[in-house]
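Dear colleague,

I am passing on the structure we spoke about, together with some notes on what was found in it. Please have it open beside this email as you read.

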Amino acid sequence: MQPTRADRGWFVLPFGKNPWWWYLASFVPALLVTILIFMDQQISAVIVNRKENKLKKGCGYHLDLFWVGVLMAVCSFMGLPWYVAATVISIAHIDSLKMESECSAPGEQPQFLGVREQRLTGILVFVLTGLSVFLAPVLQYIPMPVLYGVFLYMGVASLSGIQ
């Protein structure tokens, strides 16, 4: 693994060869993007931690927000993409972990019991996402319309039940 450009190292210096007015001009867009990412995190956390999901573990709003800030700083200095809450993925993850009663009358909706609360699938998703970097030579043979179709289906399928 190596940086994408040979003329820079792993860390991007915040004050480089740019003119001084670039820093002033970039302040407003940077502030707006930061607010957008923090709002996305909070909206995702509120949707996932609704009372209807019957979660037993405490909400970690402040801890989540802390890690969003840390990861944004680290990713910015390394020139990596920012961390986002990925609302659609978070909701699909909660839906996949729902527990329902197994005994119900024919034609009757199973009773919702709660959500299996665990962290393993989240960790595995991010590990596999990281490993996908090494699969780039294989992934380039998948046509882009197929990927767009899969992502569109996943997004539309996870929107049911959201007010």
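**Overall fold**

Read from the N terminus, the elements of the chain follow the order α-α-α-α-β-β-α-α-α, which comes to seven helices and two strands; helices (H or I, at least four residues) and strands (E, at least two) are DSSP runs numbered from the N terminus. Please keep in mind that this is a predicted model, in which local features need pLDDT of at least 70 and side-chain atom pairs count only at pLDDT 80 or more, while totals for chains, interfaces and linings use all residues. Residues are numbered from 1 along each chain as its sequence is written, and side-chain values use heavy atoms, with hydrogens and water left out.

The C-alpha trace spans about 70 × 40 × 25 Å along its principal axes. The radius of gyration of the chain is 20 Å, whereas a compact globule of 163 residues would have one near 15 Å (taken over C-alpha atoms, the rule being 2.2 Å times the number of residues to the power 0.38). Of the 163 residues, 12% are buried, where buried means under 20% relative accessible area, exposed over 50%, and partly exposed in between (1.4 Å probe, protein chains only).

**Annotated spans**

The unreviewed UniProt entry places the feature "transmembrane region" at residues 20-39, 60-84 and 120-139; its positions are in the numbering used here, feature names are shortened, and annotations may be inferred rather than shown by experiment. In the model, residues 20-39 are 95% helix and 0% strand, with their end C-alpha atoms 30 Å apart, while residues 120-139 are 80% helix and 0% strand, with end C-alpha atoms 25 Å apart.

Leu31 belongs to helix α2 (residues 27-48) and is partly exposed, at 42% relative accessibility. Its C-alpha atom is separated by 30 Å from that of Ala6, 25 residues away along the chain.

**Nonpolar surface patch**

A nonpolar surface patch of about 1,300 Å² includes Met1, Trp10, Phe11, Phe77 and Leu131 among its residues. Such patches are made of residues with over 30% relative accessible area and no salt bridge, nonpolar side chains (Val, Leu, Ile, Met, Phe, Trp, Tyr) being joined within 5 Å and like charges within 9 Å; a salt bridge is a side-chain nitrogen of Lys or Arg within 4 Å of a carboxyl oxygen of Asp or Glu. Accessible areas come from the Shrake-Rupley method with a 1.4 Å probe, and for residues only the protein chains shown count as cover.

Helix α5 (residues 120-131) gives the most to this patch, with six residues. Leu131 is placed in helix α5 and is partly exposed, with a relative accessible area of 43%.

Best wishes
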